[in-house]
Amino acid sequence: MIIFPAIDMKDGKCVRLKQGMFDEVTVFGENPVEMAKKWEEKGGEFLHLVDLDGAKDGVPKNLDIIKEICKNINIPIQLGGGIRNKETVKLLLEAGVNRVILGTVAINNIGLLKELVNEYGEKIVVSIDAKDGLVAVDGWINVSEVKSIDLVKELESIGVKTIVYTDISKDGMMAGPNFEIYKTLQECVNIDVIASGGVSSIEDIRKLKEMNMYGAIVGKALYTGDIELEKALEV
């Protein structure tokens with residue numbers, strides 16, 4: 001199982017939001033590039049970056065920082081937030097990002113998603129953010145009528161290889177992930193699932209590993225010290 005340390009960027013800083021709410025911001029670092037180096041030095045094998053300003057505005061807003069991170073570290077990077085068209089995907093992959101994560105656009109524009117998967121294959125990851133089993137879009141602001149399980153099945157049929165699945169109600173709450181939904185996903189589909197939201201202890205990581213999850217994103221718990229990356233990697 002891959003542990004993905006998360007760096008969420010807003011106004012050029014490293015932050016965490018609580019349940020995706022933009023007025024519930026905690027700043028954990030002034031310099032995302034230094035933070036990326038830190039997680040690499042501690043043994044991180046794949047970074048998870050989120051451009052929160054991009055997610056909100058629909059266009060990447062922290063591009064210079066993203067380019068700097070790509071230049072300064074040697075481990076792969078996946079990035080989400082504000083990626084809504086083909087040009088942006090191309091721009092980010094050329095800047096050195098290894099995988100781009102599509103959220104809103106993957107749900108609103110299946111035609112574009114198919115096109116991108118055909119062109120870029122495994123470099124296209126889809127992020128599913130759900131609340132009570134329903135898919136949320138536009139930086140978690142709107143909840144749709146689409147059932148998340150149905151969407152995952154459709155994505156698998158299109159050829160998407162990897163998804164990031166976040167239960168919004170768990171995100172930033174430090175209360176553990178939604179193990180039930182991950183269990184259901186493992187039973188229903190053969191897609192690689194990265195667990196996100198609420199991973200807050202070594203025990204959570206052990207449990208996700210036992211469930212054969214492909215990956216787990218760890219955010220707030222790394223910054224508060226509840227999880228030490230080295231220990232998580234040992235598990």
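Asp8 is placed in strand S1, which spans residues 2-10. Helices (H or I, at least four residues) and strands (E, at least two) are DSSP runs, numbered from the N terminus. The structure is a predicted model, in which local features need pLDDT of at least 70 and side-chain atom pairs count only at pLDDT 80 or more, whereas totals for chains, interfaces and linings use all residues. Residues are numbered from 1 along each chain as its sequence is written, and side-chain values use heavy atoms, with hydrogens and water left out.

Asp8 has a relative accessibility of 10% and therefore counts as buried (buried means under 20% relative accessible area, exposed over 50%, and partly exposed in between, with a 1.4 Å probe and protein chains only). Leaving aside residues up to four places away in sequence, Asp8 touches Lys13, Cys14, Val15, Arg16, Val50 and Leu52, where contact means heavy atoms within 4.5 Å.

With a relative accessible area of 12%, Asp129 is buried. Its side chain makes a polar contact of 3.4 Å with the side chain of Ser127. A polar contact is a pair of N or O atoms within 3.5 Å; within protein, one must be able to donate a hydrogen and the other to accept it, and residues adjacent in sequence count only if both atoms are side-chain atoms.

The protein as a whole contains 11 helices and 12 strands. Its radius of gyration is 16 Å, close to the 18 Å that the globule rule gives for 235 residues, so the protein is as compact as a globular protein of that length. The radius of gyration is taken over C-alpha atoms, and the globule rule is 2.2 Å times the number of residues to the power 0.38. Along the principal axes, the C-alpha atoms fill a box of roughly 40 × 35 × 30 Å. Of the 235 residues, 54% count as buried. Among contacts between residues at least 6 apart in sequence, 65% join residues at least 24 apart. The accessible surface comes to about 10,300 Å², of which 43% belongs to carbon and sulfur atoms; accessible areas come from the Shrake-Rupley method with a 1.4 Å probe, and for residues only the protein chains shown count as cover.

A disulfide is a covalent bond between the sulfur atoms of two cysteines. The structure holds 0 disulfides, a disulfide being a pair of cysteine sulfur atoms within 2.5 Å. Cys14 is in no disulfide, and the nearest cysteine sulfur, that of Cys70, is 15 Å away. Cys14, which is among the residues touched by Asp8, is buried, with a relative accessible area of 1%. Cys188 is partly exposed, with a relative accessible area of 36%.

Helix H7 covers residues 148-158, and its buried residues are Ser148, Ile149, Leu151, Val152, Leu155 and Ile158. Just after H7, Gly159 takes a positive phi of about 115°.

Positive phi values also occur in residues other than glycine, including Asp11, where phi is near 50°. Asp11 is placed in the loop between S1 and strand S2 (13-18), and is exposed, with a relative accessible area of 57%. Asn212, likewise not a glycine, has a positive phi near 65°. The loop that holds Asn212 runs between helix H9 (202-210) and strand S12 (215-218). At 64% relative accessibility, Asn212 counts as exposed.

Val59 lies in the loop between helix H2 (52-57) and helix H3 (63-72). Its relative accessible area is 41%, so Val59 is partly exposed. Not counting residues up to four places away in sequence, Val59 touches Gly54 and Gly82. The C-alpha atoms of Val59 and Lys38 are separated by 27 Å, and the two residues are 21 residues apart along the chain.
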